[in-house]
Amino acid sequence: LSANVAPASNSVVVNSLAFGTLQTSGNSVSSSDMRVYTPTGTAAATLAGTYKIGSSVSAAISPTGATATILLAPVSVASYDYNIPATQTAATGAWTGSFNNGTGSVVVNSNGTFSATTGLGCNMSGLLRPRDGGKNVYDVTVNFDSVQCGVSVGSATGNAVIDVPSAGTRELLILFRTTDGAGAGIFTVYQ
């Protein structure tokens with residue numbers, strides 16, 4: 001995921017999303033099945049780099065001849081703790097913010113079903129449930145009208161996390177890609 005954050009407006013501008021299966025060996029990380037999604041299209045990519053558990057990732061994503069280096073470090077434990085189990089109660093409620101580079105809102109019900117709307121009129125529904133295993137991650141399935149939302153298929157899968165970026169504000173970050181791999185999306189919404 002590559003994003004620029006505008007702190008004054010508490011919004012995220014998405015430059016690209018990258019999805020793939022990571023393999024690790026020693027302190028090396030790689031992926032040969034990455035897909036990079038940008039506002040102008042999608043491309044196959046590879047990833048190669050190093051990581052330190054709980055500390056950082058330094059890797060290069062190379063889609064079709066262009067290389068972008070990513071440097072990732074964990075967020076503050078005060079903001080997000082991977083080892084605290086996700087709960088359905090924490091996700092329940094109305095969230096507003098952004099979808100890709102426009103506006104968006106999400107309403108999560110206590111049973112995990114949700115509805116979402118984008119500023120471009122794309123309506124979605126789905127299921128957001130804590131992942132088995134006791135970590136602070138949610139699994140997400142999304143259904144939408146493919147024509148209305150401008151993608152080739154009407155279903156997607158992904159993940160979500162909840163963090164606390166500032167006192168009194170909770171952030172729900174939902175990342176997903178369509179089941180055919182042709183489209184992707186990100187909700188960054190707040191409560």
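## Strand pairing around S8

Gly 97 has Gly 104 as its bridge partner in S9. The model is predicted: local features need pLDDT of at least 70, side-chain atom pairs count only at pLDDT 80 or more, and totals for chains, interfaces and linings use all residues. Residues are numbered from 1 along each chain as its sequence is written, and side-chain values use heavy atoms, with hydrogens and water left out.

Strand S8 covers residues 93-99 and strand S9 covers residues 102-108. The two run antiparallel, joined by seven bridges. Strands pair if DSSP finds at least two bridges between them. Strands (E, at least two residues) and helices (H or I, at least four) are DSSP runs, numbered from the N terminus.

S8 also pairs with strand S15, residues 184-190. This pairing is antiparallel too, over four bridges. Here Ser 98 has Thr 188 of S15 as its bridge partner.

## The disulfide

The structure holds one disulfide, a term that needs a pair of cysteine sulfur atoms within 2.5 Å. Cys 122 and Cys 149 form the link, with their sulfur atoms 1.8 Å apart. The link is right-handed, with 95° about the S-S bond. Distant parts of the chain are joined, as the two cysteines lie 27 residues apart. Cys 122 sits in the loop between strand S10 (113-118) and strand S11 (123-130). Cys 149 belongs to helix H2, residues 146-149.

Are Cys 122 and Cys 149 buried or exposed? Cys 122 is buried, at 6% relative accessible area. Cys 149 also counts as buried, at 17%. Buried means under 20% relative accessible area, exposed over 50%, and partly exposed in between, using a 1.4 Å probe and protein chains only.
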